There are 6 protein chains.
Amino acid sequence: MPFVNIKITKDGVTTAQKAKLIEGVTTLLADLLGKNPQSTVVIIDEVDTDNWGIGGETVTSRRHKGK
Amino acid sequence: MPFVNIKITKDGVTTAQKAKLIEGVTTLLADLLGKNPQSTVVIIDEVDTDNWGIGGETVTSRRHKGK
Amino acid sequence: MPFVNIKITKDGVTTAQKAKLIEGVTTLLADLLGKNPQSTVVIIDEVDTDNWGIGGETVTSRRHKGK
Amino acid sequence: MPFVNIKITKDGVTTAQKAKLIEGVTTLLADLLGKNPQSTVVIIDEVDTDNWGIGGETVTSRRHKGK
Amino acid sequence: MPFVNIKITKDGVTTAQKAKLIEGVTTLLADLLGKNPQSTVVIIDEVDTDNWGIGGETVTSRRHKGK
Amino acid sequence: MPFVNIKITKDGVTTAQKAKLIEGVTTLLADLLGKNPQSTVVIIDEVDTDNWGIGGETVTSRRHKGK
């Protein structure tokens, strides 16, 4: 029954990668905590790099600077 | 003053349906808990079926399998 | 399969009221959008009034002022 | 290390405004709570006005009525 | 730089289990998406079973019924 | 009408500090984006250091190591 929300930058992650991520997190929760995989929900949010800030600046800006 | 976030799969929900959902949830919180409808906020997130996982696989994949 | 997160102030809401709220929101999503109630998840967060701000001040402070 | 999520309506906020918002919130957390700006994360969600409800109706509808 | 929020019911999960969950999710994001583990943030919310609903009723109630 | 959620570690932040944080974020959104402070909502979540992971380990563990 766990609910997992994963936020990553929008960077061309493929459908196959998302499917593997969902499978991996669900398996992890079953293995470590005994959670039922059938009712585990995982939602992936892909966020524009203009809308994601770290260190006080956007990821877009950091990448322009080579950070 | 309640804040409600509703996540559903992106499946062609209409503007009229969203309006009814917002009205219904707001009324429910007023009726059951006495919350002031004027300051009740409801945000609906529509999530791509590739980004929503349940049972360890994406909703896209489940639908292809007829689940 | 919808996921709903409801945030309210921590004000002595009873277990019975929470149960009714969960039932009501789940029914609403089934009635309005045809969502399967069996897989609808609702999580209620009760937030301390010191940690909830509106209008630039905490709810605790607003209540002291009779707002 | 704080994590901040800001939800606003999708209203043509510019990249420059988002950058200033990220910088401002990060500085505020450093100044008020001594949080390390280098690890402060800020994510801005821009929400369609059809998907944002307040007072039991969508923001789209409220604007049509001049509220 | 990913941000992960995991919500589980409050069921006596140990500090060691939480540490393994954080480590596992972080490793998964590095392995599958090449994300930098140093800036991956994972937050675990443990939710009271009275506040978690599925199938229109609280987890507390479902457990009493042996579901 | 913005909604802001701030997650910080549970470290004895005072009621006065929270009030200043709520006031500061609300003012920032008014100054930068012209948002109405009266309807700006800010919710602060204080998270146990056992439940917050960064770099693949809990904040509790990092502090023990002097990171």
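In which handedness of crossing does helix 1 of chain D pass helix 1 of chain F? The crossing is right-handed. This is a predicted model.

**Helix against helix**

Helix 1 spans residues 15-33 in chain D and residues 15-33 in chain F. The two axes come within 10 Å and cross at roughly 160°. Angles over 145 degrees count as roughly antiparallel, so helix 1 of chain D is roughly antiparallel to helix 1 of chain F.

Which residues make this contact? From helix 1 of chain D come D:Q17, D:K20, D:L21, D:G24, D:V25, D:L28, D:L29, D:L32 and D:L33. Helix 1 of chain F brings F:Q17, F:K20, F:L21, F:G24, F:V25, F:L28, F:L29, F:L32 and F:L33. By type, the contact residues are 12 nonpolar, four polar and two charged.

**Chain B against chain D**

Chain B puts 15 residues into its contact with chain D, and chain D puts in 12 residues. The size of an interface is often given as the accessible area lost when the parts come together. Here chains B and D bury about 1,100 Å² between them. Carbon and sulfur atoms carry 56% of that area. On the chain B side, three residues stand out: B:I22, B:Q38 and B:I43. They supply 38% of the area that chain B buries against chain D, more than any other three residues.

**How the copies are related**

| Chains | RMSD | Turn | Shift along the axis |
|---|---|---|---|
| Chain E on chain A | 0.0 Å | 180° | 0.0 Å |
| Chain B on chain D | 0.0 Å | 120° | 0.0 Å |

**Pairs without contact**

Some pairs of chains do not touch. No contact joins chain C and chain D. Their closest C-alpha atoms lie 14 Å apart. Chain B and chain E also have no contact, with closest C-alpha atoms 14 Å apart.

Note on methods:
Residues are numbered from 1 along each chain as its sequence is written. Chains are lettered from A and ligands numbered from 1 in the order in which they are written. This is a predicted model: local features need pLDDT of at least 70, side-chain atom pairs count only at pLDDT 80 or more; totals for chains, interfaces and linings use all residues. Side-chain values use heavy atoms; hydrogens and water are left out. Axes are lines fitted to C-alpha atoms, for helices over the stretch in contact, and angles run from 0 to 180 degrees between N-to-C directions. Helices (H or I, at least four residues) and strands (E, at least two) are DSSP runs, numbered from the N terminus. Angles under 35 degrees count as roughly parallel, over 145 as roughly antiparallel, 65 to 115 as roughly perpendicular and the rest as oblique. A crossing is left-handed if the near helix is turned anticlockwise from the far one by less than a right angle, and right-handed if clockwise. Contact means heavy atoms within 4.5 Å. Ala, Val, Leu, Ile, Met, Phe, Trp, Tyr, Cys and Pro count as nonpolar, Asp, Glu, Lys and Arg as charged, and the others, Gly among them, as polar. Copies are superposed by least squares on the C-alpha atoms of residues with pLDDT of at least 70 in both. Buried area is the accessible area (1.4 Å probe) that two parts lose on being put together, summed over both.
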